[in-house]
Amino acid sequence: MDGLGDRPLKDLNGMTPLQAAKTPNMDKMAEKGINGLMDSIKPGIIPGSDTAHISILGYDPYEIYTGRGPFEASGVGVDILPGDIAFRCNFSTADNNKIITDRRAGRIRDGTKDIINTLNEMVIEEYEDVKIIFKESTGHRAVLVLRSEGDESLSDAVSDADPKNEGKPPKIVFPTDDTKEAVRTADILNKVVNKSYEMIKNHPVNQEREKNGEPPANIIVPRGAGAVPEVEPINEKYNLNSVCIAETGLIMGIGRFAGMDIIEVDGATGGTDTNLDNIIDEIVKHATGDEYNFLLINIDGADEAGHDGSFEEKLEFIEKVDKVVIKKLLEIEDCYIILTADHSTPISRMDHTADPVPIIINGPEVRIDNVNEFNEIEAHKGGLCRIRGSDVMDILMDLMNNSSKFGA
Ligand code: ZN
Ligand code: ZN
C-alpha cells in the first residue's frame with residue numbers, strides 16, 4: 001500500500017491513520033502472521049516510490065536508479081533498451097520569442113497523442129543515427145527517449161531544458177561532464193527542443209486550442225536525464241513467474257524493468273476513488289491461476305491522501321482497502337502474503353519520510369508472533385523485528401523453499 005505509513009496526529013488523539021482506522025482484516029492478518037518494521041532502503045533514507053520498490057524487489061537502488069526518466073518511459077510503454085537515454089518532459093506553451101508562458105500548457109488533457117505522432121517524425125540532420133522517440137503520458141506529461149543506432153553512444157550527463165518557471169525561455173542544455181558523449185547529447189537535446197517548437201506550433205490540435213482561448217502545447221521541455229540500466233530479470237534472479245498489478249506508470253515501469261508481466265486494471269486511477277473491486281478480482285485471478293507464482297501489487301490511494309494532507313481521506317481509504325481487498329486476500333490458500341508499504345507519507349509532512357513502515361508475512365509455517373494489530377506502533381513487537389526492503393525477497397524465497405544454501 002503506497003505511502004501507508006504515517007506519524008501520530010493530534011486530530012486522531014495521537015494515533016496514526018492506520019492505528020485509528022478500523023481494519024479487522026489487516027488485524028487478522030497480523031494475528032496469523034509474523035510482524036515487524038521495514039526501512040525500505042535503510043534507516044533515515046527517504047525513499048521515492050521507485051527506489052523503494054527497486055529495493056524491495058531485491059535490487060540495489062544505488063546501482064540501478066539512474067533517474068526517473070527511464071522508469072517513466074518504461075511505465076508508459078516505450079520499449080527501452082540499455083544505453084538509451086530517457087527524459088521526463090512537459091508539453092509547455094511558448095510565445096513567439098520562445099518564452100515559456102505556461103509550463104503545463106493549460107494542463108492539456110486531450111490531443112497530446114496526435115501531437116506526439118507528429119513529433120515522432122523528428123530527425124536531427126547532423127545526428128541521423130539517433131532515433132528520437134516521444135510518448136505521451138498523462139495530462140501535460142510526456143517522455144523522450146534518445147537511442148543511438150550508430151557507433152557513437154549517448155550520455156545522461158546533461159542538464160535540464162525545463163526552466164522550472166514561466167517567463168523564461170527553455171534553458172540551454174549543457175554537458176555536466178566533459179566526455180564527448182555528453183557534449184553530443186546536450187547538442188542533440190537543444191536541437192530537439194527547438195525543433196519541437198517548429199514542428200508543433202501550428203499543429204491542428206494547437207490551432208484548435210488557440211481558437212478556444214486555451215494555451216497551445218507548442219514546445220517540449222525535457223528534464224531528468226537517465227541512462228537505461230541493465231537489470232537481471234526477476235524471473236531469472238529468483239526463479240519465478242512474476243506479474244505486476246499496479247496503478248501508476250512509475251510502478252508499472254519498475255515492473256517492466258524487472259521483466260515482469262504487467263496487468264492493467266480497468267478503473268484503476270491511482271487515487272482514493274480507484275476501483276478496488278476490479279483490483280482484487282485481478283489479484284485473485286492471477287494468484288490462484290497457473291501462470292504466475294509471484295505477484296507485485298501496488299495500491300496507491302493512501303499515498304495520494306498523504307500528499308494531499310487529508311487524514312480523513314487516508315483513514316477512509318485504508319478502511320476501504322481492508323474491507324474490499326484484504327478480506328478476499330485472506331481467503332487465498334497456500335500463498336505467502338506480504339502486506340507493507342513502500343514508505344511513509346505523513347499527513348503532517350504531505351510528502352514521503354524515512355519513518356519505517358509495518359510489515360506482515362502471512363502463510364504456511366511462518367513463526368506466528370503475539371502482534372494482533374497492523375500498525376506502525378505494534379509492529380515492532382513482532383518476530384521480524386526491523387528489516388530492510390532488501391531483505392524481503394530473501395526471506396520470502398526461503399519461506400517458499402525457493403533458495404539454496406550458502407556454504408556446505
Ligand atoms: Zn510510494
Ligand atoms: Zn508519494
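These exercises work through the pockets and cavities of a predicted model.

**Exercise 1. Describe the largest pocket: what is its volume, and which residues are closest to its centre?**

Solution. 
- Start with the volume. The largest pocket holds about 1,400 Å³.
- Next, find the centre. Of the 47 lining residues, Arg-68, Thr-138, Arg-141, Thr-248 and Gly-249 are the closest to it.
- Pick out the top contributor. Helix 10 gives the most, with 5 residues.
- Finish with the classes. The lining divides into 20 charged, 15 polar and 12 nonpolar residues.

**Exercise 2. Treat the second largest pocket likewise: which residues lie nearest its centre, and how does its lining divide by class?**

Solution. 
- Take the volume. The second largest pocket has about 860 Å³.
- Go to the centre. Leu-295, Ile-297, Tyr-336, Ile-337 and Ile-338 lie nearest, out of 34 lining residues.
- List the elements that supply at least two residues each. The helices are helix 3, helix 11 (276–288), helix 13 (311–329) and helix 14 (392–399). The strands are strand 9 (294–297) and strand 10 (337–339).
- Sort the lining by class. The second largest pocket has 27 nonpolar, 4 polar and 3 charged residues.

**Exercise 3. How many cavities of 30 Å³ or more does the whole structure have, and which residues line the largest cavity?**

Solution. 
- Count with the cut-off. At 30 Å³ or more, the search finds 2 cavities.
- Size the largest cavity. About 50 Å³ of space lies inside.
- Name its lining. Ile-54, Leu-57, Tyr-59, Ile-64, Phe-71, Val-231, Ile-254, Phe-257 and Ala-258 surround this space.
- Classify these residues. The lining has 9 nonpolar residues, with no polar and no charged ones.

**Exercise 4. Which residues line the second largest cavity, and how do they divide by class?**

Solution. 
- Begin with the space. The second largest cavity holds about 40 Å³.
- Read off the lining in two stretches of numbering. One runs through Met-38, Asp-39, Ser-40, Lys-42, Ile-45 and Pro-47. The other takes in His-343, Thr-353, Ala-354, Asp-355, Pro-356 and Val-357.

Note on methods
Residues numbered from 1 in each chain as written. Chains lettered and ligands numbered in written order. Predicted model: local features only at pLDDT ≥ 70, side-chain atom pairs only at ≥ 80, totals over all residues. Heavy atoms only, no water. 1 Å grid on protein atoms, 1.4 Å probe; cavity = no way out; pocket = protein on both sides within 12 Å on 5 of 7 lines; lining within 4 Å. Points joined across faces, edges and corners; volume = space filled by probe spheres on them. Helix = DSSP H or I, 4+ residues; strand = E, 2+ residues; numbered from the N terminus. Nonpolar A, V, L, I, M, F, W, Y, C, P; charged D, E, K, R; others polar.
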